[in-house]
Amino acid sequence: MRRTVLETFPAGDPRGSRQAEEYARRRRNEGLAVEVVMDLESDAFLVVVPQQQSGERDR
């Protein structure tokens with residue numbers, strides 16, 4: 001599955017993933033299907049929009 005990164009938030013922030021979750025909630029309120037994931041390589045929380053690859057179907 002491919003993803004588009006909307007925003008990144010440093011994992012070392014004292015608030016942890018909270019900023020990412022708050023940002024994601026605002027995008028969901030706008031109608032976007034977003035999720036928060038952890039990118040271990042960059043040590044950051046990412047707010048992403050999953051994108052279907054060609055040939056995939058909604059279930």
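How many aromatic pairs does the structure hold?

Author: In this predicted model, the structure holds one aromatic pair. The partners are phenylalanine 9 and tyrosine 23, whose ring centres stand 5.8 Å apart, with an angle of 55° between the planes. Phenylalanine 9 belongs to strand S1 (residues 2–10) and tyrosine 23 to helix H1 (residues 18–29), so the pair ties together parts that lie 14 residues apart in sequence. Phenylalanine 9 and tyrosine 23 are both buried. Tyrosine 23 has a further neighbour: arginine 27 lies over the face of its ring, at 4.5 Å from the ring centre.

The strand that carries phenylalanine 9 is part of an open sheet of three strands, arranged in the order S1-S3-S2 with antiparallel pairing. S1 and strand S2 (35–39) are the edge strands, each of them pairing on one side only. On average, and with direction ignored, neighbouring strands of this sheet are turned by 35° against each other. The partner of S1 is strand S3 (residues 44–51), which runs antiparallel to S1 and is joined to S1 by eight bridges. Within this pairing, threonine 8 stands opposite leucine 46 in S3. Helix H1, in turn, packs on the sheet and touches S1, S2 and S3. The direction of H1 makes about 135° with that of S1.

Conventions:
Residues numbered from 1 in each chain as written. Predicted model: local features only at pLDDT ≥ 70, side-chain atom pairs only at ≥ 80, totals over all residues. Heavy atoms only, no water. Phe/Tyr/Trp six-rings, centres within 6.5 Å; stacked < 30°, edge-to-face > 60°. Helix = DSSP H or I, 4+ residues; strand = E, 2+ residues; numbered from the N terminus. Buried < 20%, exposed > 50% of the residue type's maximum accessible area, 1.4 Å probe, protein only. Lys NZ or Arg CZ within 6 Å of the ring centre and 35° of its normal. Pairing = 2+ DSSP bridges. Axes fitted to C-alpha atoms, helices over the stretch in contact; angles between N-to-C directions. Contact = heavy atoms within 4.5 Å.
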